[in-house]
Amino acid sequence: MGRKMRNIKSISALVLTGVLILALSAFAFAEMPQDIKGHWAEKEIAKWVNKDLAGGYPDGTFKPGNNVSRAEFVALANRAFGISGGEGEINFSDVKDTDWYYGEVKKGENAGYIGGYPDGTFKPNGNISRQEVASIMSRLLDLGADASKADFTDADKIASWSEAAVNAVVAKG
């Protein structure tokens, strides 16, 4: 779990700050995107781009100040954890086979680490929340539940559906 934990720590450090976009596309950069120069996460972004974990937008930008969408995070997690496959039908009404993220969402759903909303949607373009990231990380790393409460000043705002995952991720550091 050492490599997985390092990957997930890198992922969580970037996502939990809520400022790094991990836009993934079919387009590869001929050179490093210019809009990451001087950004606080420039070195990490460059590493991820060089390892084909993250890409960018078709116009050659990375947009590191944007929030991360649910679809972008799933695509990154699939690449970071080597998740492949994606047979069968998608169970989300708002994910169409023409969407760039269709295959990525299908992989995440088949791997069992993502879920949707009670209305049958996935909301792929919605910003991913820290609670959702914790839930995904908990499933990817098979962390189970941790009984100890996370010590956050806003712990009372942690939704009941994510509380066990948040506690488990915090317990693992």
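A: Let's start with the term itself: a salt bridge is a side-chain nitrogen of Lys or Arg within 4 Å of a carboxyl oxygen of Asp or Glu. Side chains of opposite charge can pair when their charged atoms come close. This is a predicted model, where local features need pLDDT of at least 70 and side-chain atom pairs count only at pLDDT 80 or more, while totals for chains, interfaces and linings use all residues. Residues are numbered from 1 along each chain as its sequence is written, and side-chain values use heavy atoms, with hydrogens and water left out.

By that rule, you get 4 salt bridges. One of them joins E132 and R70, at 2.7 Å from N to O. E132 lies in helix 5 (residues 130-140) and R70 in helix 3 (residues 70-80), so this pair ties together parts 62 residues apart in sequence. Helices here are DSSP runs (H or I, at least four residues), numbered from the N terminus. E132 is buried, at 11% relative accessibility, and R70 is buried too, at 7%. Buried means under 20% relative accessible area, exposed over 50%, and partly exposed in between (1.4 Å probe, protein chains only).

Next up, E104 and K107 meet at 3.8 Å, N to O. Both lie in helix 4 (residues 102-111), 3 residues apart, or about one turn of the helix. E104 is buried at 13%, whereas K107 is partly exposed at 21%.

Then there's R130 with D154, whose closest N and O atoms are 3.9 Å apart. R130 lies in helix 5 and D154 in the loop between helix 5 and helix 6 (160-171), so the pair links parts 24 residues apart in sequence. R130 is exposed at 54%, and D154 is partly exposed at 30%.

How values were computed. Helix = DSSP H or I, 4+ residues; strand = E, 2+ residues; numbered from the N terminus.
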